[in-house]
Amino acid sequence: MSKVLVTFWCCVFFSFRFIFLNSNASSVTFNVLNFGAKSDGKSDATQPFLKAWVAACSSLNAATIYVPRGKYMIKSVTFRGPCKNKITVQIDGTLVAPSDYNALGNSGYWILFIKVNRISVIGGTLDGNGAGFWDCRKLGKNCPVGARSITFNWANDVVISGLTSLNSQLMHLVINSCKNVMVKNVRIIAPDFSPNTDGIHVQSSIGVTISGTSIQTGDDCISIGPATRNLWMDKIQCGPGHGVSIGSLARDYNEDGVQNVTLINSVFTGSDNGLRIKSWARASTGFVTNINYQNIMMKNVDNPIIIDQNYCPNNQGCPSQASGIKINQVTYQNIFGTSTTQVAMNFECSSSNPCSGIKLQDIKLTYLNNKKAQSICKNIRGNTGGVILPDNCLL
């Protein structure tokens, strides 16, 4: 009987050992150095990165593309799926865009992931080298269209964690037509004078979470485009920048709506705007509904709370109509801090589609050093609860 037991446990041990070894063997790593990449920041590493991608994407086992410490210069590159298993891109170094901004061409992208599922980008730094491009635009030269630093198109089950993005030519991180995306512990940095350098742009996507992220940039910290649903944001540090913006909307007549968006436990510091919804003043089928802002601190923000349905930057090419975007069910709860302008709450809603279901709960905003702030309300309906400062203007 004892021999039977010994035989049984030996079989169990070797079975578990076999499973354990195979679980380790089920993941394979591709080091970009082994494909010819050089970490000097000058040699073109585009093709070695693409070769590593092809190997990882065709692997039947889960794969890791490993980027060791050092600097790797890569040009415009597309990592295309579908792939046969999940892929992790582990970056311990820095990816650097070419110093000549013309080298990225007119594709609009620097690093593009397209039609890839179960993709994770972990750690590392992206340096977009955007200063030369910004100067080109400022001087009115014949410039290329510019490039977004990292873009995910038609990708599902995405994780972006611990990434730092510096000085993108245009938007830093774009999530377009994706499902189930987690962005966490990301840092985005560009000067406040850098044009159109939105930190994170989300559009046509479902189930995106952005958490524990710090954004300093020259445009919206986070911009939310049409057809965005179930977006959760928490622990966001924004500023300098143009705030967290829904829109601009009503660029087109046929436009899907924005719904189920939450921003909580966040801080805005020295930003042009705080919580902003913006739409052009033209007809549109779009809408904004079920938006929740809660536990937000404003530190010297120009426009802490603003709905602008007459959006027209620089007053050029303004449609001068009434916005067709219907805005309803927007809640502002426990919003507090300081405004650098006297108007801390500005609701300029559409005359043809007034804002409705707007709820203010426990708002305490002051003008500079505890001076009394003001609120402006146009074409808006809603209700209030708790202390409301500045004085409530809701009808």
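I count Ala, Val, Leu, Ile, Met, Phe, Trp, Tyr, Cys and Pro as nonpolar, Asp, Glu, Lys and Arg as charged, and the others, Gly among them, as polar. The model is predicted: local features need pLDDT of at least 70, side-chain atom pairs count only at pLDDT 80 or more, and totals for chains, interfaces and linings use all residues. Residues are numbered from 1 along each chain as its sequence is written, and side-chain values use heavy atoms, with hydrogens and water left out.

**Entry 1: pocket**

Of its 30 lining residues, Asp 198, Asp 219, Asp 220, Arg 251 and Lys 278 lie nearest the centre. I note eight nonpolar, 13 polar and nine charged residues in this lining.

**Entry 2: cavity**

I then searched for cavities (grid points where a 1.4 Å probe fits but cannot get out) and found one of 30 Å³ or more. The largest cavity holds about 140 Å³ of space. Its lining has 13 nonpolar, no polar and no charged residues; Phe 79, Val 89, Ile 91, Leu 95 and Phe 113 lie nearest its centre.

**Entry 3: helix α2**

I turned to α2 (46–57), one of the elements supplying at least two residues of the cavity lining. Helices are DSSP runs of H or I, at least four residues. Buried residues (under 20% relative accessible area, 1.4 Å probe, protein chains only) in α2 include Phe 49, Trp 53 and Cys 57.

Key
1 Å grid on protein atoms, 1.4 Å probe; cavity = no way out; pocket = protein on both sides within 12 Å on 5 of 7 lines; lining within 4 Å. Points joined across faces, edges and corners; volume = space filled by probe spheres on them. Buried < 20%, exposed > 50% of the residue type's maximum accessible area, 1.4 Å probe, protein only.
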